[in-house]
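Reader: I have a structure open here and would like to go through it with you piece by piece. Could you take my questions as they come?

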Amino acid sequence: MLTKQELSIKIGNRIKQLRKEKNISQAELGRLCGRDKQHIELIENHKVSANTYTLYTIALALGVELEELFKF
């Protein structure tokens with residue numbers, strides 16, 4: 001079982017990986033999902049844990065199903 005911090009790290013890394021694969025900047029991803037660049041940066045760098053709705057909007061912005069964020 002993962003700790004909350006371990007899960008946050010894995011999800012942040014996965015979001016960063018998918019974002020880079022699609023050549024989307026943090027600022028652009030933030031704009032697409034209604035967040036600012038700093039919020040995306042905090043999620044990717046494991047400084048904050050994203051809530052379910054935020055993960056959903058990030059997945060939509062990346063053009064993937066929500067479950068893709070949990071494939072690590």
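Reader: Which residues touch the most other members of the largest nonpolar core?
Author: This is a predicted model, and in its largest nonpolar core, which has 15 residues, the ones that touch the most other members are Ile15, Leu29, Ile58, Leu62 and Leu69. The elements giving two or more residues to this core are helix H1 (4-21), helix H2 (26-33), helix H3 (37-44) and H4.

Reader: And where does the largest share of this core come from?
Author: H4 provides the largest share, with five residues.

Reader: What does Ile15 touch, leaving out residues up to four places away in sequence?
Author: With those set aside, Ile15 touches Leu29, Ile43, Glu44, Leu55, Ile58, Leu62 and Leu69.

Reader: Let's turn to H1, then. Which residues in H1 are buried?
Author: The buried residues of H1 are Ser8, Ile11, Gly12, Arg14, Ile15, Leu18 and Arg19. Seen down the helix axis, the buried residues of H1 fall within an arc of 165°, so they line one face of the helix.

Reader: Which exposed residues does the face turned away from that buried side carry?
Author: On that face of H1 are the exposed residues Gln5, Lys20 and Glu21. As for the buried residues of H1, what covers them includes H2, H3 and H4.

Reader: What happens just after H1?
Author: Just after H1 comes Asn23, which takes a positive phi of about 55° although Asn23 is not a glycine. Asn23 is found in the loop between H1 and H2, and with a relative accessible area of 72% it is exposed.

Reader: How many residues apart in sequence are Ser49 and Leu7?
Author: Ser49 and Leu7 are 42 residues apart in sequence, while in space they are 8.8 Å apart, C-alpha to C-alpha.

Reader: Back to H4. What lies at its start, and what follows it?
Author: At the start of H4, a side-chain oxygen of Asn51 reaches to within 3.1 Å of the backbone nitrogen of Tyr53. After the helix comes Gly63, whose phi is positive, near 75°.

Reader: Which residues in H4 are buried, and what covers them?
Author: In H4 the buried residues are Thr54, Leu55, Thr57, Ile58, Ala59, Ala61 and Leu62, and what covers them includes H1, H2 and H3.

Reader: What does the side chain of Thr57 reach?
Author: The side chain of Thr57 reaches the backbone oxygen of Thr54 at 2.8 Å. Not counting residues up to four places away in sequence, Thr57 touches Cys33 and Arg35.

Reader: Last topic, the aromatics. How many aromatic pairs does the structure hold?
Author: The structure holds one aromatic pair. Tyr53 and Tyr56 form this pair, which is tilted, with 6.0 Å centre to centre and 40° between the planes.

Reader: Where do Tyr53 and Tyr56 sit relative to each other in helix H4?
Author: Tyr53 and Tyr56 are separated by about one helical turn, because they are three residues apart in helix H4 (residues 52-62).

Methods. Residues are numbered from 1 along each chain as its sequence is written. This is a predicted model: local features need pLDDT of at least 70, side-chain atom pairs count only at pLDDT 80 or more; totals for chains, interfaces and linings use all residues. Side-chain values use heavy atoms; hydrogens and water are left out. Rings of Phe, Tyr and Trp (its six-membered ring) pair if their centres lie within 6.5 Å; planes under 30 degrees apart count as stacked, over 60 as edge-to-face and the rest as tilted. Helices (H or I, at least four residues) and strands (E, at least two) are DSSP runs, numbered from the N terminus. A nonpolar core is a set of buried Ala, Val, Leu, Ile, Met, Phe, Trp, Tyr and Cys residues joined through side-chain atoms within 4.5 Å. Buried means under 20% relative accessible area, exposed over 50%, partly exposed in between (1.4 Å probe, protein chains only). Contact means heavy atoms within 4.5 Å. The arc is that of the directions from the helix axis to the C-beta atoms. A polar contact is a pair of N or O atoms within 3.5 Å; within protein, one must be able to donate a hydrogen and the other to accept it, and residues adjacent in sequence count only if both atoms are side-chain atoms.
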